[in-house]
Amino acid sequence: MDYDVIIGLEIHAELKTKTKMFCRCDNDAEGKAPNTVVCPICLGHPGTLPYPNEQAIRWTILTGLALHCQVNQLSKFDRKNYFYPDLPKGYQISQYDLPLVYNGWLEVNGQKIKITRIHLEEDTGKLIHPADKPYSLVDYNRAGTPLMEMVTEPVIHDAATAKKFCQRYQQILRYLNISDADMEKGQMRCEANVSVQEKGKWEYVDGEIKPKGDYQLNPKVELKNINSFKAVEKAIEYEIKRQIRALENGEKLVQETRGWNETKGETVRQRIKETSADYRYFPEPDIPPLNISAEMIAEIKTHLIELPPEKKKRFIRQYNFSDEVAEILVSDKHLADYTEQVISELRAWIEANGDSWERQKNKLAKTAANWLISELFKHLKADNKTIRDLNITPENFAELVALVYQGKINSSAGQKILEVMYTRGGDPTDIMAELGLEQLDDEAELEKIIKDVLARNQKQVEQYRSGKTNVLQFFVGQTMAATRGKANPKKVIEILKKLLT
Ligand SMILES: [Zn+2]
């Protein structure tokens with residue numbers, strides 16, 4: 001039997017506002033003792049009144065605008081009622097039928113993935129289950145943190161695209177500087193709704209999955225407890241296989257919530273899914289409806305910046321980068337900005353030399369990207385650092401690229417210079433002089449050295465002349481050793497070939 005996979009995503013992100021969603025408590029509780037960043041409002045004491053955080057509302061609208069959503073100019077908060085010890089009030093203030101924004105899209109791998117809605121709610125506290133203890137502990141420091149929930153339509157059909165969507169969404173939140181969206185820290189939580197349906201037996205009707213004829217749709221399973229992008233992909237892949245296997249064995253699937261167990265690499269039943277009726281949503285009586293004016297929306301729009309999908313397209317168009325290179329360079333706003341600063345320095349340098357930027361830019365930009373991604377990243381990754389920790393100015397990095405580009409240094413000398421620059425910053429031309437790494441380019445001088453090498457290795461010269469041409473690499477190695485790695489390898493090969501024929 002052939003199956004279609006249908007995936008929808010729900011992504012929660014904690015907003016990094018100064019204060020919590022409905023009170024004045026500090027929203028940054030990192031490193032603070034449990035239950036010290038709390039007040040009667042976020043603890044839900046009787047008689048207190050919640051007061052919505054305007055910054056959180058603005059940032060949710062901003063995210064919506066970034067994802068091509070429409071804004072509900074009349075929006076409101078609702079109570080979602082359920083009992084769980086991490087929820088001090090016995091209900092969560094969320095949004096039900098009038099989310100702040102709705103109906104948008106985000107392009108991933110060429111597919112415009114539809115976004116149903118983005119709404120704002122408050123986060124819960126954290127439950128801690130000490131090992132071997134007959135009790136649980138609760139920390140309410142996180143209770144009341146602004147939490148933005150984004151929901152996609154069920155239009156994703158493979159695990160890799162779902163993972164890519166989550167990555168792209170994280171990049172956008174970081175570009176907008178509204179959430180650190182670190183999955184390991186729980187600042188961003190991805191949940192996936194996964195179902196499998198027999199091919200040809202279902203269709204989309206107004207965005208919803210409907211059966212054709214008398215086919216019975218298989219229920220969807222909600223996957224939770226996913227703590228990394230890799231886990232998004234692995235959990236969905238596991239779930240697809242599990243569901244198909246169950247169907248092939250004649251089992252009936254149930255609508256349920258399953259948690260991803262990273263160690264075992266499998267999903268485990270948590271509970272049979274409740275429906276929204278179980279939550280008895282009703283309008284939050286303590287917060288008046290929100291009126292969002294056209295002026296406010298226009299003002300928020302002015303905070304939109306170029307985001308990764310558009311930046312990637314522009315990088316490819318403007319600098320002729322490959323898809324893969326552009327994807328890496330736009331993944332972090334600071335890296336993208338740094339790249340453009342380096343390129344702009346290179347352009348100034350080319351034009352100061354009276355050359356044409358248009359003629360040189362593709363090759364130069366490619367060299368710059370290559371040095372950033374292949375060489376600089378090696379150092380950053382080894383030290384677990386990002387471009388923000390970098391000690392090298394874009395001017396100096398561009399100069400290094402220019403030295404390589406002009407052939408003043410070869411790539412191994414470039415790597416040595418970069419290592420020094422990475423450790424203590426500095427001007428690459430000075431470091432080159434200091435280390436005596438300037439490439440030996442002078443043909444007469446190279447010829448003299450090479451003649452000497454050949455004279456010392458007569459046996460190999462005869463081998464080469466009798467047809468063993470791979471001895472050439474031996475001569476290149478000898479010449480590089482004789483020049484302490486400074487010889488221009490391209491010229492060495494040219495001269496060798498000339499002298500050996
Ligand atoms: Zn509080």
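Reader: A cavity is a set of grid points where a 1.4 Å probe fits but cannot get out. How many of 30 Å³ or more turn up in the whole structure?

Author: The model is predicted, and a search of the whole structure finds 1 cavity of 30 Å³ or more. The largest cavity holds about 40 Å³ of space.

Reader: Which residues line the largest cavity?

Author: Its lining consists of C42, L87, P88, K89, Y91, E122, D123, T124, A143 and G144. By type, that lining divides into 5 nonpolar, 2 polar and 3 charged residues.

Reader: Y91 is in that list. Which way does Y91 point from its strand, and which residues point the other way?

Author: Y91 belongs to strand β5, residues 91-94. Y91 and I93 point one way from the strand, while Q92 and S94 point the other way. Residues on both sides of β5 are buried: Y91, I93, Q92 and S94.

Reader: What does β5 pair with?

Author: Strand β4, residues 78-81, pairs with β5 in the antiparallel sense over 4 bridges. Within that pairing, K80 has Q92 as its bridge partner.

Reader: New topic. What is the strand order in the sheet of 9 strands?

Author: The order is β2-β6-β7-β10-β1-β11-β14-β15-β16, in an open sheet with mixed pairing. At the edges are β2 (70-71) and β16 (266-272), each of which pairs on one side only.

Reader: What about β1 and β11, parallel or antiparallel?

Author: Strand β1 (residues 3-14) and strand β11 (residues 188-198) run antiparallel, joined by 11 bridges. As one example, D4 stands opposite Q197 in β11.

Reader: Which helices pack on the sheet?

Author: Helix α1, residues 54-66, packs on the sheet and touches β2, β6 (101-108), β7 (111-122) and β10 (146-152). The direction of α1 makes about 175° with that of β7. Helix α2, residues 159-175, also packs on the sheet. Its contacts are with β1, β6, β7, β10 and β11, and its direction makes about 20° with that of β1.

Reader: How many bridges join β6 to β7?

Author: There are 7, and the two strands run antiparallel. Y102 has R117 in β7 as its bridge partner. The hairpin of β6 and β7 has 2 residues between the strands, and N109 in that hairpin takes a positive phi near 50°.

Reader: And what does R117 stand opposite in β10?

Author: R117 stands opposite V151 there. β7 and β10 pair in the antiparallel sense, over 7 bridges.

Reader: Which other residues have a positive phi although they are not glycines?

Author: N35 and A181 are two of them: N35 has a positive phi of about 60°, and A181 one of about 50°. N35 sits in the loop between β1 and α1, whereas A181 sits in the loop between α2 and β11.

Reader: Is A181 buried or exposed?

Author: A181 is buried, because its relative accessible area is 0% and the cut-off for buried is under 20%. N35, at 34%, counts as partly exposed.

Reader: Pockets next. How much space lies in the second largest pocket?

Author: About 1,100 Å³ lies in it. It is lined by 26 residues, of which Q170, R174, S331, D332 and T386 lie nearest its centre. The elements giving two or more residues to this lining are α2, α6 (323-330), α7 (333-352) and α8 (357-382).

Reader: Which element gives the most to that lining?

Author: α2 does, with 6 residues. The lining as a whole splits into 7 nonpolar, 9 polar and 10 charged residues.

Reader: Which residues of α6 are buried?

Author: The buried ones are A326, E327, L329 and V330. They pack against α2, α5 (308-319), α7 and α8.

Reader: Last one. Where is M421, and what does M421 touch?

Author: M421 lies in helix α10, residues 411-424. At 0% relative accessibility, M421 counts as buried. Leaving out residues up to four places away in sequence, M421 touches I392, N396, F397, L400, G426, P428 and I431. M421 and I392 are 29 residues apart in sequence, and their C-alpha atoms are 6.4 Å apart in space.

Key. Residues are numbered from 1 along each chain as its sequence is written. This is a predicted model: local features need pLDDT of at least 70, side-chain atom pairs count only at pLDDT 80 or more; totals for chains, interfaces and linings use all residues. Side-chain values use heavy atoms; hydrogens and water are left out. Two strands pair if DSSP finds at least two bridges between them. Contact means heavy atoms within 4.5 Å. Axes are lines fitted to C-alpha atoms, for helices over the stretch in contact, and angles run from 0 to 180 degrees between N-to-C directions. On a 1 Å grid over the protein atoms alone, a cavity is a set of points where a 1.4 Å probe fits but cannot get out, and a pocket is an open set with protein on both sides within 12 Å along at least five of seven lines; lining residues have an atom within 4 Å of a point. Grid points are joined across faces, edges and corners, and a volume is the space filled by probe spheres set on the points. Ala, Val, Leu, Ile, Met, Phe, Trp, Tyr, Cys and Pro count as nonpolar, Asp, Glu, Lys and Arg as charged, and the others, Gly among them, as polar. Buried means under 20% relative accessible area, exposed over 50%, partly exposed in between (1.4 Å probe, protein chains only).
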